[in-house]
Amino acid sequence: EVPDGFAIPAADREKLRLVILESQRLKPSVFGTTFEPTEAFSLPIGDRKVTFPPGTPLVLNYRTAGSREAVWSNPKEFLPYERADQLWGPASKFWAFNSSGDQTHINKYIGRICPGRELALTFLI
């Protein structure tokens with residue numbers, strides 16, 4: 001959701017992409033996604049590491065992920081340009097389009113991404 005008074009950068013495709021992504025971070029159009037790992041893996045959760053056995057149903061909640069203060073400074077504020085590196089690129093923390101986590105992470109369960117993301121964004125822009 002773009003706040004009242006915000007000037008939509010219609011002539012700048014890269015800025016418009018960030019506005020769309022930030023809008024999706026704040027109000028995701030899809031609640032989340034699920035997956036079941038085929039082998040055990042561990043993730044840091046809070047101050048500890050949690051291991052998930054194979055077949056554990058997991059839910060990635062996009063709304064919660066987009067509002068975590070540990071990840072996003074001022075998570076309730078609409079700051080598309082200030083969050084550019086977090087919203088787009090190899091170190092993105094943004095989970096929309098069925099992507100998850102830091103894309104540079106070595107864990108094969110993190111860093112997945114929707115193959116239609118580019119097409120969807122092209123249509124939106």
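**Reading contacts around arginine 83**

Author: The side chains of arginine 83 and glutamate 22 make a polar contact of 2.8 Å, a term that covers a pair of N or O atoms within 3.5 Å, where within protein one must be able to donate a hydrogen and the other to accept it, and residues adjacent in sequence count only if both atoms are side-chain atoms. The model is predicted, and for this reason local features need pLDDT of at least 70 and side-chain atom pairs pLDDT 80 or more, while totals for chains, interfaces and linings use all residues. Residues are numbered from 1 along each chain as its sequence is written, and side-chain values use heavy atoms, with hydrogens and water left out.

Reader: Which backbone oxygen lies 2.8 Å from a polar atom of the side chain of arginine 83?

Author: That oxygen belongs to asparagine 74. If we set aside neighbours within four places in sequence, arginine 83 is in contact (heavy atoms within 4.5 Å) with Glu22, Arg25, Trp72, Ser73, Asn74, Pro75 and Glu77.

Reader: Is arginine 83 buried or exposed?

Author: Buried means under 20% relative accessible area, exposed over 50% and partly exposed in between, with a 1.4 Å probe and protein chains only. Arginine 83 has 2% relative accessibility, so this residue counts as buried. Its place is the loop between helix 2 (62–65) and helix 3 (84–87), where helices are DSSP runs of H or I with at least four residues, strands are E runs of at least two, and both are numbered from the N terminus.

Reader: Which residues make up the largest nonpolar core?

Author: A nonpolar core is a set of buried Ala, Val, Leu, Ile, Met, Phe, Trp, Tyr and Cys residues joined through side-chain atoms within 4.5 Å. Here the largest core has eight residues, namely Leu16, Leu18, Ile20, Leu21, Trp72, Leu87, Phe94 and Leu121, and helix 1 (residues 13–26) gives the most to this core, with four residues. Apart from it lies another core of six residues, including Phe35, Val50, Phe52 and Leu60.

Tryptophan 72, a member of the largest core, also touches arginine 83, and among its other partners are Arg25, Gln86 and Lys93, when residues up to four places away in sequence are not counted.

Reader: At what distance from the ring centre does arginine 25 lie over the face of tryptophan 72?

Author: A charge sits over a ring if NZ of Lys or CZ of Arg is within 6 Å of the ring centre and within 35 degrees of the ring normal. Arginine 25 lies over tryptophan 72 at 4.9 Å from the ring centre, and the charged end of arginine 17 sits over the ring of tryptophan 88, 4.3 Å from its centre.

Reader: How many aromatic pairs does a search of the whole structure find?

Author: Rings of Phe, Tyr and Trp (its six-membered ring) pair if their centres lie within 6.5 Å, and planes under 30 degrees apart count as stacked, over 60 as edge-to-face and the rest as tilted. The search finds three pairs. In the pair of phenylalanine 6 and phenylalanine 78, the ring centres are 5.0 Å apart and the planes stand at 85°, so the pair is edge-to-face. Phenylalanine 6 lies in the segment before helix 1 and phenylalanine 78 in the loop between helix 2 and helix 3, so the pair ties together parts that are 72 residues apart in sequence. Phe6, Phe78 and Tyr81 form one aromatic cluster.

Reader: Which residues does valine 19 touch, not counting residues up to four places away in sequence?

Author: Valine 19 touches Val2, Phe6, Ile8, Pro9, Phe78, Pro80 and Tyr81. Valine 19 lies in helix 1 and is buried, with a relative accessible area of 3%.
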